[in-house]
Amino acid sequence: MIRSNIKRWFHLSLRRRDRWEREVEDEIKLHLALRAEQLMAKGASADDAYEEAVRRFGPLDPSRTRLLNAARHREKKMERTEYLADIRADLAFAVRTMLRQKAWTAVTMITLALGIGATTAVFSVVSSLILNPLPYPNSNRVVFVDREPVQGNNTGMSISISTDAPTARAWRENARSFEALEGFKWWSTTMATSGDPSSVDAALVLPSFLTFAAKQPLIGRMFTDADIETGGRVVLLGEEFWRTRFAADPSVLGKAITLKDSMYTIIGVLPASLRYPSFAANVVNVWLPLNIKNDNEGMSFIGRLRPGIARHVAATELDSIFARSSGFAKANQKIPFVARIASPGDTVAFRDSLLMLSVAVGFVLLVACANVAHLLLARSATRQRELAVRAALGAGRGRLFRQLLTESLLLSLAGSALGLMVGWLGLRALIALRPPSLRELASAHLDGTTLVTAIALAILSGITFGVLGALQSARSSTHEELKAGAANASASRMQRRGRALLVVSEMALSAALVVIATMLIRSVVKLQNADLGFDPRGLYSVELRMPENRYATPAARAALVSEVLSRAQRLPGVRALTAANAAPGSRNFAVGRLEIEGEPPPASTATSFIDVNGVLPSYFAATGMHMIEGTTFTDTTSAAGQVVINAAFARKHWPNASALGRRLRILRQKQQPWSTVVGVVSDASTSGAGMESAAPFIYSPLGSGDDGVSVLLRVDGGANHVTPLRDIVKQIDPKLPAPIGSAEETVARAIAGPRFVMLLLAVFTGLALVLAAVGMYGVMTYTVTQKTREIGIRVALGAPSARIARSVLISGASLAVVGSAVGLAFAAWGTKLIENQLYGIERSDVVSFAAAVVVLVGASLIACVIPTRRALSVDPITAIRAD
Amino acid sequence: MTSKLPVLKGTLDLLVLRALTWSPMHGFEIVSWLERAADGSLDIEDSALYQAVYRLEEKGLLQADWGVTENNRRARYYKLTAAGRAHLRAETKNWVQYADTVTTILTSPTNSPSSAQ
């Protein structure tokens, strides 16, 4: 078929060239003949006349060549013009067709736009966050390097320690796996200004960091190793800080600022595009040199692997370098740590959620494509007649193909343009709605590859179903269609099956999405209503960060805490007041070996992380936790050795007996005395982001003179208590950094992430459902149209309208049921992917699965309403006559 | 016989268009018409005329169709398109203006620069 076509085309063009070449020859021959005749009429001999004719014509061979060239040129130009005119005609025709079927065109274009737009927006987020999260050159080889414990991490969180300077130096000097290894460190400090001390965020980096990030100072210069040798009291300002605090004044160079009691000379300004290598970090205000020669320094690491080096190879090399080193850290290490190398994308918050959203959006795109496919198929069915007529009137297959191609391309391109707009708006919306923990999302931009892929997919489905489908049906029925009313049964049964398959797959994809979305919605609702075990309402914390130099003695530290407590007591509306090492929601743990009296002592290597918080006796009442057994501390001296444990701890170690009076101790370097359990308190999500509440937890009395203390107070009403609290701290010690937090906000922040994901998934599910319903509507309308005659006959034979309505609804609902069944099976497998994002419900949550069936069948019944009404309004006489 | 005039660049096109104002012609008819109209005072090769014709056809100023001569010979007949007619009108006007101007300058009595002052 194709071969013969090619041959024909080839022939055609050959014939064409023959034609105009022969025409030129003919024209020359005729001219010479006529001229000769003219001359002979005047009396010349035949030979002379011909000679003279040629002479007047010009030298024969060059002239002929010239004319042939001119003619070729002319033919090409005219062919081109004709071709353009054809395209213009095709376009005009396509536009007219689209305008004639406004509703159809609108639905198709919107479907395309939503599919393309949603996909592009979400994949843009995913690619900017996961695939390319930190803006350093060769970002695919950029890795975070830190050190994690080999064993004993029972906290459920990823724990790492910073790398000490001697190890850092050994790594930087010896590691061959890396092109670059950059140490960095964050320092929240204060800057003395004319008025109040203001807190500033400083990033400490090595001089080589700028080379690593491929950036240049805006003005001034980067610090050098020489600066560090001579004391390192130099600073570069962050661009934002320079603009807001120094009015972008270029003369700041050479001036000095005071950071936490020390003077630093400003030597330059670094651009805002230079990112600190951590997602959690705020905007960097000032950049300081990190002194890697100072053995007491600790730092984090980011590096760029050499091409082709696997992460585990690099990690092994770092470990062996550490093993050969003989620094203080190695001599003193209690827990064996190994180097861990992670891609920045792995550490992005919500990584799993983002991947899941990508899958969901991929589903939406598939549903959209399926929809476009059967919208096109449905239309090609209605155009069979038109195509048949045009074919009969002599439109070649090639011509029809080009016409249909033009139409589907126009449609796809218009849809894609709209999709680009939707994608851009969608991305803006995602950025605007982002939770605080996705701060880096702000820099996301539309991903070109995704856009091109989505558009290519849209065009491909347009061509496949719009052109080939239409031609197929036109071929199968050129005769049948013209023989009006002939039942072209086999072709249309195939098509009907194909269409039913499309609807079933749409329904299946939507059902899977509904299951997963319902699970996430239920999780978030449960999270929101979760019993935190403490009451966050009106609970504020003041974290007192006491600088070592000014609060050198325990007495000084204890005095500050009690002063803050007594002043806070006098604030209006304060109902309860207490203090702890860590406020609920932040984390505190001890590293050591936990020994329980009556249980075999732990092996000397079994060091682990033990959740423990030092609290005042009033802590439990003030935070709203319930005592289950016993009391809070009655004696807070270390001699008394009292501890309170949570219910989970009691369950774990004394499941069948009271925990009161039992003894435990945490073994560190030196022998510790036993502590006695005096109370058991309810589980509370006090060990992290408000999520985990059933982990074993120990509360010990807050040591008098501890250096990390948060004052907690519970207040009435919704008034702003941050400012009065800040004032209190300022009155006592104007230079003390003391961040103030609200437990309510902490909890809200913890839920913000899952909520964001849930919201997005709900939107996509809604989108998929609407698209699937549109698909269902299309198929049912088509079915009803096809059956108009049958329905008419049945009405004529006296079938009650209820029965007709039922038959339409049942055929729709059965598609939905089959689709949901497939979708649920798919979802049952797919829930594995979201298991770790569920809270309070099981993977096999019946409610979610049932909801999917109800929603799907409901949506499909709604989609069937209009087709049913159309079936009911069939007038038997017209219907029977129509065909 | 007077000496023959070389045809100025571009004017041949104009002459061909002019030839076709009244009715379609084939190549030799155009040549004959030009020879009659110029009374033998134009110096062109016949082949140059065909080149001009093809050029005009390419520009869409002429349209060609095969027809039959009085003596039953197949010939390619050329006729003016609407664009060709418009082109002829505009170019004729330009040409006449140009020729007038040049003629005026060439035939005006010469004034010496000093006597003009």
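A salt bridge is a side-chain nitrogen of Lys or Arg within 4 Å of a carboxyl oxygen of Asp or Glu. By that rule, 6 salt bridges cross the interface of chain B and chain A in this predicted model.

**Interface of chain B and chain A**
- Chain A brings 23 residues to the contact, and chain B brings 19.
- About 2,200 Å² is buried between the two chains, with carbon and sulfur atoms giving 53% of this area.
- Of the area that chain B buries against chain A, 32% comes from B:Phe28, B:Tyr54 and B:Glu58, more than from any other three residues.
- One salt bridge joins B:Glu35 to A:Arg35, whose closest N and O atoms are 2.6 Å apart.
- The interface also holds 14 residue pairs in polar contact.
- On the side of chain B that touches chain A, α2 (27-38), α3 (46-58) and β5 (74-80) each supply at least two residues.
- α3(B) gives the most to that side, with 7 residues.

**Helix α18 of chain A**
- Helix α18 spans residues 722-732 of chain A, and A:Leu725, A:Ile728 and A:Val729 are buried in it.
- These three lie on the same side of α18(A), because they cover an arc of only 95 degrees around the axis.
- An α-helix has 3.6 residues a turn, so residues three or four places apart point the same way.
- The cover over the buried residues of α18(A) includes β12 (539-545), α15 (554-569), β21 (708-715) and β22 (740-742) of chain A.

**Cysteines**
- The whole structure has 0 disulfides over all chains.
- A:Cys369 is buried at 13% relative accessible area, and A:Cys864 is buried at 0%.

Methods
Residues numbered from 1 in each chain as written. Chains lettered and ligands numbered in written order. Predicted model: local features only at pLDDT ≥ 70, side-chain atom pairs only at ≥ 80, totals over all residues. Heavy atoms only, no water. Buried < 20%, exposed > 50% of the residue type's maximum accessible area, 1.4 Å probe, protein only. Helix = DSSP H or I, 4+ residues; strand = E, 2+ residues; numbered from the N terminus. Arc of directions from axis to C-beta. Contact = heavy atoms within 4.5 Å. Disulfide = S-S within 2.5 Å. Buried area = accessible area lost by both parts, 1.4 Å probe. Polar contact = N/O pair within 3.5 Å; in protein donor to acceptor, adjacent residues only side chain to side chain.
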